[in-house]
Amino acid sequence: MPSSWPLQDFFLVLMQPLSLVSTLFGFDTVVISGADKKLQELWGSSDTFHGLVVMGMALWGTVIGAIFGAIPTDKLGRKKTLIWIGVLYSISAVGSALTHDPISFAIFRFVGGLGVGASTIAAPAYISEIAPAKNRGKLVGMYQFNIVLGILVAYMSNYLLSGISEQDWRFMLGAEAIPALVYTILVLYVPKSPRWLVVQKRYDEAERVVQSLGLDFGLDDLKSEVNTIGSKGSKETIFMKKYRLPLILAFLIAFFNQWSGINAFLYYAPRIFELAGLGESTALLSSIGIGATNLVFTLIGIYLIDRLGRKQLMYFGSIGYIISLALVSAAFFFNWTGMSVPLFLFVFIASHAIGQGAVIWVFISEVFPNHLRGAGQAFGCSTHWVLAALIPSFVPFLFGTIGPGIVFGFFAFMMVLQLCWVFLMMPETKGMSLEDLGRQLSAK
């Protein structure tokens with residue numbers, strides 16, 4: 001690696017494999033939506049079994065990956081963890097495409113979920129630790145942009161592959177194997193995080209990375225921060241009283257993220273559109289519109305996050321959530337047919353993209369001090385993914401019993417509570433160094 005490589009050139013190259021891992025995250029999360037009803041009909045599953053096992057097992061894998069992802073992220077390092085994530089994605093894509101029964105299908109989807117969960121810890125932690133403070137929100141936000149790009153690609157792939165054979169779902173799921181393999185190869189060439197190297201006392205390696213990349217912080221700055229933490233640093237946990245505020249903040253942003261219903265919607269978008277009266281082909285096409293809206297407004301969110309700040313975007317998103325979810329609920333209660341539900345859901349997805357979608361991974365990666373960032377992200381991400389597994393798993397059952405109108409109405413109520421939290425408790429973190437943030441939030 002050239003010793004005088006400009007920072008902007010470095011990020012152009014670095015973001016390619018990191019873009020792929022987040023694109024794979026988005027693709028893996030929603031590609032199952034195209035196979036949803038086909039797999040239920042193929043294996044004759046009940047709504048409960050289909051939701052919890054066939055559809056939900058990947059999300060439970062994500063929960064495990066998020067809970068335990070901090071262990072390899074902190075022990076092996078951000079880079080090695082990112083490599084193993086690519087291996088998990090590859091195994092899952094090939095295995096789920098070739099399987100012939102729901103149990104083995106669920107196992108391979110679970111393996112992919114492990115990769116998704118671990119990636120939500122390793123990738124944002126890596127980017128936040130190596131990015132300049134003034135651009136940290138934008139660069140970590142690019143992780144979210146590429147998740148959204150993966151979602152759009154998955155919806156488009158499902159639409160294009162639908163109907164090519166009686167088992168078109170195999171092609172939908174197997175399509176992930178090629179980018180997964182490319183990502184695994186590319187990530188071998190990214191450097192290690194200098195902050196992680198300093199925490200591990202590997203100062204020579206850290207100095208080489210800092211010098212070669214021309215970062216806006218030096219090795220002495222990083223070593224000084226580690227010394228400030230002191231010898232107790234290795235014995236500290238995120239559950240100590242001094243870290244109660246960042247712990248609560250990470251929990252609540254993840255909690256409200258999922259009670260918006262975002263993952264339930266992404267998983268079952270075609271099913272929801274069909275319930276609203278659209279045909280199967282139109283429902284799949286509308287899903288592409290959702291993916292495109294998500295992409296456009298994620299770009300807007302990334303553009304604004306370091307200009308307006310995290311809290312301002314959460315205000316925009318919360319108000320948009322409340323309006324759109326209330327309208328979707330009313331549409332199901334009053335039988336508004338045609339394109340009304342898709343239009344309201346476009347507003348919902350735009351609100352998510354510019355608010356929670358742009359903010360969550362940035363915010364969780366910022367609020368914990370360096371030596372606890374992996375554990376802190378594991379906590380925030382596992383909260384996110386436990387709810388992301390529970391809520392979508394019960395969607396088929398809830399839609400069939402209490403109806404989608406009540407479900408979306410409850411989501412709207414939860415977003416009123418989120419708006420109150422943003423107003424009363426959420427701090428602004430834009431433009432501050434990770435070290436200053438860690439000290440400030442711990443002091444409070």
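K201 sits in the loop that joins α11 (194-199) to α12 (203-213), with helices (H or I, at least four residues) and strands (E, at least two) taken as DSSP runs numbered from the N terminus. The model is a predicted one, in which local features need pLDDT of at least 70 and side-chain atom pairs count only at pLDDT 80 or more, while totals for chains, interfaces and linings use all residues. Residues are numbered from 1 along each chain as its sequence is written, and side-chain values use heavy atoms, with hydrogens and water left out. The protein has 23 helices and zero strands. Of its 444 residues, 61% count as buried; buried means under 20% relative accessible area, exposed over 50%, and partly exposed in between, with a 1.4 Å probe and protein chains only.

**Loop residues with positive phi**

- K201 has a phi near 65 degrees, a positive value in a residue other than glycine, and at 57% relative accessibility it counts as exposed.
- N335 belongs to the loop between α17 (310-333) and α18 (340-354).
- The phi of N335 is also positive, near 55 degrees, again in a residue other than glycine, and N335 is exposed at 60% relative accessibility.

- Contact here means heavy atoms within 4.5 Å; with neighbours within four places in sequence set aside, W385 is in contact with F25, L59, T62, V63, A66, V116, G117, T120, N263 and W361.
- Among the contacts with a separation of 6 or more, 82% come from residues 24 or more positions apart.
- F27 is buried at 8% relative accessibility, and its contacts beyond four places in sequence are G150, I151, V153, A154, S157, M172, A175 and E176.

**Helix α20**

- Helix α20 covers residues 373-393, and its 21 residues should span 30 Å at 1.5 Å a residue, which agrees with the 30 Å between its end C-alpha atoms; the expected span is 1.5 Å times one less than the number of residues.
- Because 18 of its 21 residues are buried, α20 is largely enclosed by the rest of the structure.
- T383 is a residue of this helix, and it is buried with a relative accessible area of 10%.
- Not counting residues up to four places away in sequence, T383 touches F251, A254 and F255.

**The kinked helix α15**

- Helix α15 (residues 262-275) has a kink of about 80 degrees at Y268, shortly before the proline P270; the bend at a residue is the angle between axes fitted to the seven residues ending there and the seven starting there.
- The buried residues of α15 include N263, F265, Y268 and P270.
- After α15 comes G277, with a positive phi near 105 degrees.

**Aromatic rings**

- The structure contains 19 aromatic pairs; rings of Phe, Tyr and Trp (its six-membered ring) pair if their centres lie within 6.5 Å, and planes under 30 degrees apart count as stacked, over 60 as edge-to-face and the rest as tilted.
- F251 and F255 form a stacked pair, because their ring centres are 5.7 Å apart and their planes are at 25 degrees.
- Both of these residues lie in helix α14 (residues 244-258), four residues apart, about one turn of the helix.
- F251 is partly exposed at 34% relative accessible area, and F255 is partly exposed at 21%.
- F410 and F413 make a tilted pair, with centres 6.4 Å apart and planes at 40 degrees.
- F410 and F413 are three residues apart in helix α22 (residues 404-424), about one helical turn.
- F410 is partly exposed at 38% relative accessibility, and F413 is partly exposed with a relative accessible area of 47%.
- R307 lies over the face of Y303, 3.8 Å from the ring centre; a charge sits over a ring if NZ of Lys or CZ of Arg is within 6 Å of the ring centre and within 35 degrees of the ring normal.
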